[in-house]
Amino acid sequence: MTKIDVLLGLQWGDEGKGKIVDVLTPNYDVIARFQGGPNAGHTLEFNGTKHVLHIIPSGIFHQEKINLIGNGVLIEPRIFRSEIEALEEKGVDATRNLLISKKAHLILPTHRMMDAANEQAKGNMKIGSTLKGIGPAYTDKIARNGLRVGDLMADDFRECYLVLKEQHVRQAVTLGFDINNFRIDGMTLEEYETLWMESLDTLKKFRFVNSEYFINQCLKEDMKVLAEGAQAMMLDIDFGTYPFVTSSNTITAGVCTGLGVAPSAIGRVMGITKAYCTRVGAGPFPTELFDATGRLLCEQGHEYGATTGRPRRCGWIDLPALRYACMINGVTDLFVTKPDVMNNFDTVNMCTSYNINGRDTDEIPFEYNSVHIDPVLTTFEGWKQSLEGITEYDKLPVALKEYLAAIEKQTGVRIAAVSISPDRKDVLFKS
């Protein structure tokens, strides 16, 4: 019986997971998303065209490969429909190779309303939600109130929907939220609800499966399966920078619950990290840069959220956080993306430890959100040249290879490949 490989982000998201999944897909038979929802934004670029996926696995452009939306994923039908239509415009018929778990939960229009209501109620303590309804939908899942994809085929679906909708309306009013002036994408709740209901017809065109049986059968038949994560390690509900996190387990363990496989079925764990760090929304970020260098990273790296469009906070690579991520996830292979963003830097810095109250530490403190952290930085010479046209890892500039070697030494994990441009062809595997 073969094992399932895992690919996930090791920072605060936006590491380039979609591109790496797309590059690795030819080596697999099945690509399976195991958590998250439309708050994810996986960007792929090839043939001079950019493609952004939110719910659909990043292997969808390989028509001969099976793509699966697992039980741990949240589906917002209206957003799903838009994504399918965008694929159709590019000549991709997703009904041919996309399967959906019957146990995947649905995001209702009122989940998006509750997301806005909860953020408003938090005031200055808001977490910077994408307002896609993720938190409220996972809340209903845990509270055993949620609606699942398989429920779409039930005779009483509409009745169950209205019961849950009314519950959300009462909760929003209790929070003092003005539901009459609430808008989703410029539409009233009722207008959006109409489109949401129409979008269920698109969802029903796809094959609904008992995904846990499907995945395990694939493994028994020695099919190669890649589990694709969304968001990233430092946004994990348990081990991330709580409460500034997402509402699911973004780590390797989330594959077991998000797809229905045993821990013993996990094979390689491929972790993605940028050569620097970014973060969207609120929460701690010890290496964040507030100066011209931070602005340059944002501009050169085109650091704007694929889902929200918000500019990302930028800073130096954070090795204490990266080591923590490798430990929690059992990372076997590192993929480093976007060193080309720093091509023109005279020097680049790397945070190797934290100084808290005068004491150096390698650990992520429980008080991560409240304690002042001074990053302890090591400076490296910049490579000061374009990486364009380089096709082999060994041909990378010496200064860049020294920087990458330091990441390997600090984490204890071998770098498998480096991505030096947005295009899928510019991933250099290390021999």
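**Stop one: the largest pocket**

Start with the largest pocket, which has a volume of about 870 Å³ (the space filled by probe spheres set on grid points joined across faces, edges and corners). Select Ile 127, Ser 129, Thr 130, Val 245 and Thr 246: of the 42 residues that line this pocket, these are the closest to its centre. Here a pocket is an open set of points on a 1 Å grid over the protein atoms alone, where a 1.4 Å probe fits, with protein on both sides within 12 Å along at least five of seven lines; lining residues have an atom within 4 Å of a point.

A word on the model: it is predicted, so local features need pLDDT of at least 70 and side-chain atom pairs count only at pLDDT 80 or more, while totals for chains, interfaces and linings use all residues. Residues are numbered from 1 along each chain as its sequence is written, and side-chain values use heavy atoms, with hydrogens and water left out.

Now colour α3 (109–122), α4 (134–142) and α5, each of which supplies at least two residues of the largest pocket's lining. By class, that lining has 15 nonpolar, 18 polar and 9 charged residues (Ala, Val, Leu, Ile, Met, Phe, Trp, Tyr, Cys and Pro count as nonpolar, Asp, Glu, Lys and Arg as charged, the others, Gly among them, as polar).

**Stop two: Asp 115**

Stay on helix α3 and pick Asp 115. Asp 115 counts as buried because its relative accessibility is 6% (buried means under 20% relative accessible area, with a 1.4 Å probe and protein chains only). Show its neighbours: Asp 115 touches Ser 129, Leu 131, Lys 132, Gly 133, Ile 134 and Pro 136, leaving aside residues up to four places away in sequence (contact means heavy atoms within 4.5 Å). Gly 133 is 18 residues from Asp 115 in sequence, yet 5.3 Å away in space, C-alpha to C-alpha.

**Stop three: helix α8**

Next, select helix α8 (residues 253–260), where Gly 254, Val 255, Cys 256, Gly 258 and Leu 259 are buried. What covers them? Among the elements doing so are β1 (4–9), β2 (30–33), β5 (66–69), α7 (211–220), β10 (225–228) and β11 (266–274). Helices (H or I, at least four residues) and strands (E, at least two) are DSSP runs, numbered from the N terminus.

**Last stop: the second largest pocket**

About 700 Å³ of space lies in the second largest pocket. Of its 31 lining residues, select Thr 43, Gly 301, His 302, Lys 338 and Pro 422, the closest to its centre. β3 gives the largest share of this lining, 4 residues.

Terms used. Buried < 20%, exposed > 50% of the residue type's maximum accessible area, 1.4 Å probe, protein only.
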